[in-house]
Amino acid sequence: MKTETGNTSRAIYDEVLLIRRILDGQTDLFRQLAGRYAGQVLRMVARLVPSQEEAEEAAQDTLLEAFRSLGRFDARQAGFQTWLMRIAYHTALKHYRQHHRSVTIVDVEQHWLDNIPDDEADALLDDISADRVALMERAIDTLKPDDQMLLNLYYYDNRPIREIACIMEREESYLRSRLQWIRKRLAITIKTLENNEEK
């Protein structure tokens, strides 16, 4: 019986062999390789590109860029899936910026961020009442696109920080502190939105 690690190692080895065959001229095999991750690519870009048509275009751009750049793929640095998600991340940011999606800016004072206790921020974010969830969605929309993507990768996709660091090309320590900052920012934004609605 093979272990999960053994199966994973075998899958990576098979994928590297497939990539070599593609680079050796069997380019039609790229469709098979890309097909394994097309759904993940679409889900990732759709988080920043909400229009279905634009998200599909961004996903196609990602796969085309991956095909063009396949010769630069290095399995010693990251697996193909992570490498592909990095391209998807940058493609999604590019589409986001090109279409100038407008966001509601909520001013948050730096001293508020410095002074809100972690447990208070956690309590605000852990409230799953319908009103609070709606405010959370609005608060997330006020974040910069790379912060939105970091939240999605960590909390919704459950990706490890090491993999996210590779995708976003950031230091792990930066991402950990950024996640803490984002949680506080969201908590304060929710409170600000609530206070504005009560006026």
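Student: What does the chain average in pLDDT?

Tutor: Where pLDDT is low, the predicted coordinates should not be read in detail. Here the chain averages 84, and 85% of the residues score at least 70.

Student: Where in the chain is confidence lowest, and where is it highest?

Tutor: Among the helices, α6 (residues 110–115) has the lowest confidence, with a mean of 65, while α10 has the highest, at 95. Residues 1–5 have a pLDDT below 50. Beyond near neighbours in sequence, that stretch makes 2 contacts in the model.

Student: Which residues of helix α3 are buried?

Tutor: Buried means under 20% relative accessible area. In α3, which spans residues 38–46, V41, M44 and V45 are buried. Viewed down the axis of α3, the buried residues fall within an arc of 90°, so they line one face of the helix.

Student: What do the buried residues of α3 pack against?

Tutor: They pack against four helices: α4 (52–69), α5 (80–98), α9 (145–156) and α10 (161–168).

Student: Now a single side chain. Is E15 buried or exposed?

Tutor: The same cut-off of under 20% applies. E15 has a relative accessible area of 9%, so E15 is buried. This residue lies in helix α1 (residues 4–23).

Student: Which residues does E15 touch?

Tutor: Leaving out residues up to four places away in sequence, E15 touches L33, R36, Y37, F80 and Q81. With R36 there is also a side-chain to side-chain polar contact of 3.3 Å.

Conventions. Residues numbered from 1 in each chain as written. Predicted model: local features only at pLDDT ≥ 70, side-chain atom pairs only at ≥ 80, totals over all residues. Heavy atoms only, no water. Buried < 20%, exposed > 50% of the residue type's maximum accessible area, 1.4 Å probe, protein only. Helix = DSSP H or I, 4+ residues; strand = E, 2+ residues; numbered from the N terminus. Arc of directions from axis to C-beta. Contact = heavy atoms within 4.5 Å. pLDDT = per-residue confidence, 0-100. Polar contact = N/O pair within 3.5 Å; in protein donor to acceptor, adjacent residues only side chain to side chain.
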